[in-house]
Amino acid sequence: MPTAVECAWCLHYIVSSGVDSECLVSQGVLHQAVTLLIALGRAIDSGATTDGVELLIYPVARCLGNLTASRDTTPRRSRLVDCGLLPALSSIISKFLPTQPSVSRECLWLLNNLTVGEERFCSAFLKYNLVPVLLQLIPFCGGINTLVLTLLGNIAEMGPELCDKLRQHREIFSALCTSMRAADTEAVRLALEVLHLILMHCAQACVEFANQNGVEALEAIQYNSNKEIRVRANFLMDRYFADKAV
């Protein structure tokens, strides 16, 4: 294990050094990193992991995150949709969140890179029913909640069909309300952005949000100390809930 960890960090430094990503991908780096994360995710599911495996996951996820963020590898990303990577990352995130949140945060960053502007990945996220896993992470701070909200935003930006599928997860609105009450301004901003996309694309969402005391949560931040938050909250109230304002 120590040798594998050192090799993974060396690979990360090479990827981060500015070496042509396409060259690395053509030599199998992307494939090997994905294969390893899938194997580790399955080992976690079966309870067959060894102590210290998180030390290997971290640099491999960082390496893969940097590779997938590169424009050179965009055409190859679509090949990763149905290979088992998303469920594996979900397992890793859930496993290490209580003890090694930095590992979970790294995997969430990788998921964000995979889903941004990629409808196939966003659809696959819903196909594998991974949204409930994300919603359970909303109460966590340290960058976890903002990464989750960014990921939800990536999905919502894909339009009406995926927004409606998000809406069908009834916990989505309570999770967004929790985020709107957070002290973290960025978490509040992202929650309002996701909410706006869902409300804009789904007519039913307004009623469902209101029925879950969402209007009260929105009203509470109309007087937030942050001007951008106040503007966004007032915009949503005026556009979608003017008749429900107190």
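Reader: How many cavities of 30 Å³ or more does the structure hold?

Author: The structure holds 1 such cavity. A cavity is a set of points on a 1 Å grid over the protein atoms alone where a 1.4 Å probe fits but cannot get out, and lining residues have an atom within 4 Å of a point. This is a predicted model, in which local features need pLDDT of at least 70 and side-chain atom pairs count only at pLDDT 80 or more, while totals for chains, interfaces and linings use all residues. Residues are numbered from 1 along each chain as its sequence is written, and side-chain values use heavy atoms, with hydrogens and water left out.

Reader: What is the volume of the largest cavity?

Author: Its volume is about 30 Å³, taken as the space filled by probe spheres set on the grid points, which are joined across faces, edges and corners.

Reader: And which residues line the largest cavity?

Author: Among them are Ser90, Leu108, Phe125 and Leu137. Helix H6 (85-96), helix H7 (101-115) and helix H9 (131-135) each give two or more residues to the lining. Helices here are DSSP runs (H or I, at least four residues), numbered from the N terminus.

Reader: Changing topic, which residues touch the most other members of the largest nonpolar core?

Author: Of its 89 residues, these are Ile57, Leu108, Met180, Ile198, Leu218 and Phe241. Helix H13 (residues 185-201) gives the most to this core, with 10 residues. A nonpolar core is a set of buried Ala, Val, Leu, Ile, Met, Phe, Trp, Tyr and Cys residues joined through side-chain atoms within 4.5 Å.

Reader: Is Arg167 buried or exposed?

Author: Arg167 counts as buried, because its relative accessibility is 9%. Buried means under 20% relative accessible area, exposed over 50%, and partly exposed in between (1.4 Å probe, protein chains only). Arg167 lies in helix H11 (residues 160-167).

Reader: With which side chain does Arg167 make a polar contact of 2.6 Å?

Author: That partner is the side chain of Glu208. Another polar contact, of 3.5 Å, joins the side chains of Arg167 and Gln204. A polar contact is a pair of N or O atoms within 3.5 Å; within protein, one must be able to donate a hydrogen and the other to accept it, and residues adjacent in sequence count only if both atoms are side-chain atoms.

Reader: How many aromatic pairs are there?

Author: The structure holds 5 aromatic pairs. The ring centres of Phe209 and Phe241 are 5.6 Å apart and their planes are at 35°, so this pair is tilted. Rings of Phe, Tyr and Trp (its six-membered ring) pair if their centres lie within 6.5 Å; planes under 30 degrees apart count as stacked, over 60 as edge-to-face and the rest as tilted.

Technical notes
1 Å grid on protein atoms, 1.4 Å probe; cavity = no way out; pocket = protein on both sides within 12 Å on 5 of 7 lines; lining within 4 Å.
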